Amino acid sequence: MITLDTVTKSYGAFQVLKGCSAEIGRGEVVVVCGPSGSGKSTLIKCINALETFESGQIYVDGMAVRSANTDHSALRAKAGMVFQSFELFSHLSILDNIMLAPRLVQKRGKEELREHAETLLRRVGLEQHADKYPIALSGGQQQRAAIARALAMKPDVMLFDEPTSALDPEMVQEVLQVMMELAREGMTMMCVTHEMGFARQVATRILFVDAGEIVDDCPAADFFAGRCSARAQAFLRFEEAHPS
Amino acid sequence: MQIWSWHGFFTYLGSPYIFRGALITVYMTAVSMVMGFLLGLLIAVMKRSQRRLLSWPARFYVWFFRGTPLLVQLVVIYTGLPKLDIRLSVLACSIIGLTLNEAAYLAEIIRAGLNAVPTGQIAAARALGLSERQIAWRIAFPQAFRLIIPPLGNSVNGLLKTTSVTSVISMEELMQRSQILVQDQFMVLELFSVAALYYLLMTTAWDFLQRRIEHYAERPYRRQQKTAAVEAIEFPATTQDAR
């Protein structure tokens, strides 16, 4: 589904990504973890071309990301993204947030789209908030709406960039629940997160990123059983001792 | 000669000649503001462009029209265009001058608004596959517009009074007509008081209108969101627009 082939990126003299390679199959739930500033957010944003990279290549469902004739719109329709700070369009109602891109990008009909949007809102438990504006919702509700917005494009893969980092602890669970359900339904997911509990429960694989390199790429069971690099083990001990 | 004539004051206040002058002032303000806003929007977008071919002409435009007096610009347009064999009415010349001048200031206001749209909103729109043009019209402009309503209001208020500069090319707006009537009975104080009162009326009306526009634009950003029914009672016109 996603192929990362020696992806390299620098900000001036600072090399953020030092040749990252990985292969993510359909239906896999991959958790990307690692210390702050390790490049994991940058890596995930390269996949839908929100960030550019200098060398290497990424393929999403066979489509090359770094190419002069990449159709960014088509690429981004395949890969839905959820952001740390939700980023619901503040001037649009929740329903309009969900319907905007499918209407403009995919030119889908209003009737079908409205039905789809309402189904998605029910799925994330927000059917009663369809006509509200984002500011009237709690952080957890906003993030669930943002997930529904990404799903409305019918993506093949969902990218999550620290989806619960900006949430109060009591709201983290409601968002994780929605994500777990999504994983159970077979959605291909790639998730940057510090939620090790979530990783334990749903991840099929862990990518441990440190200093711009994918240090570990192993099944989640192995990772949590300690069959990973010393750096990852130290990171894991720290995270378990300081749950976010 | 008496110091103040109430009779003169009320006569001029009720004068259709002065009243029509005020209408012309409103008309010039409205047309120049709308056209200046559209031109300003274009210049603001150009100035923000990465391409120098776009940003440099925009920078030159703002530099030139903010750096020279409106009075000079009006005279150059009024006396210059006929030499190029372009013959326009005084009103047309006035509106062109006001528009070109106002656009330079509005471009800077609009640019500030566009710069203030959170980058995360743009990134989210990109991630959903919207094109740059769709992002501009659907996300950036609407969000920027809300932010710049107060400075835009300043501009409208200022423009209402700046239109009086067009009297130098003999445009018969409120101020020019007041000055013409001064020649008649030399009631300077009475006439200028009437003019001031008209300007106050016009700016007050704008204040009111601006509040309505702000109220409408702020609707998505009020935490206490009223139901549609309550809105319909309080603000019938704006609520219908929103549907």
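**View 1. Glu87(A) sits in the loop between strand E6 (79-82) and helix H3 (94-105) of chain A.** Helices (H or I, at least four residues) and strands (E, at least two) are DSSP runs, numbered from the N terminus. Although Glu87(A) is not a glycine, its phi is positive, about 60°. Glu87(A) is buried, with 25 other C-beta atoms within 10 Å. Here, a residue is buried if 20 or more other C-beta atoms lie within 10 Å of its own, exposed if 12 or fewer, and partly exposed in between, with C-beta atoms placed from the backbone.

This is a predicted model: local features need pLDDT of at least 70, side-chain atom pairs count only at pLDDT 80 or more, and totals for chains, interfaces and linings use all residues. Residues are numbered from 1 along each chain as its sequence is written, while chains are lettered from A and ligands numbered from 1 in the order in which they are written.

**View 2. Asp61(A) lies in the loop between strand E4 (55-60) and strand E5 (63-64) of chain A.** Its phi is near 50°, a positive value in a residue other than glycine.

**View 3. Strands E1 (residues 2-11) and E2 (residues 14-24) of chain A form a hairpin with two residues between them.** The two strands pair in the antiparallel sense over eight bridges; to count as a pair, strands need at least two bridges found by DSSP. Look for Tyr11(A), which stands opposite Phe14(A) in E2(A). In the turn, Gly12(A) has a positive phi of about 65°.

**View 4. The largest nonpolar core has 84 residues.** Such a core is a set of buried Ala, Val, Leu, Ile, Met, Phe, Trp, Tyr and Cys residues joined through C-beta atoms within 7 Å. Among the residues with the most contacts inside this core are Val30(A), Ile47(A) and Met189(A). Helix H6 (residues 169-184) of chain A gives the largest share of this core, seven residues.

**View 5. Helix H3 (residues 52-67) of chain B has 16 residues.** The buried residues of H3(B) are Ala58(B), Tyr61(B) and Val62(B). They cover an arc of only 90° around the axis (taken from the directions from the helix axis to the C-beta atoms), which puts them on the same side of H3(B). The face turned away from that side carries exposed residues, including Phe60(B) and Trp63(B).

Terms used. Expected span 1.5 Å × (residues − 1).
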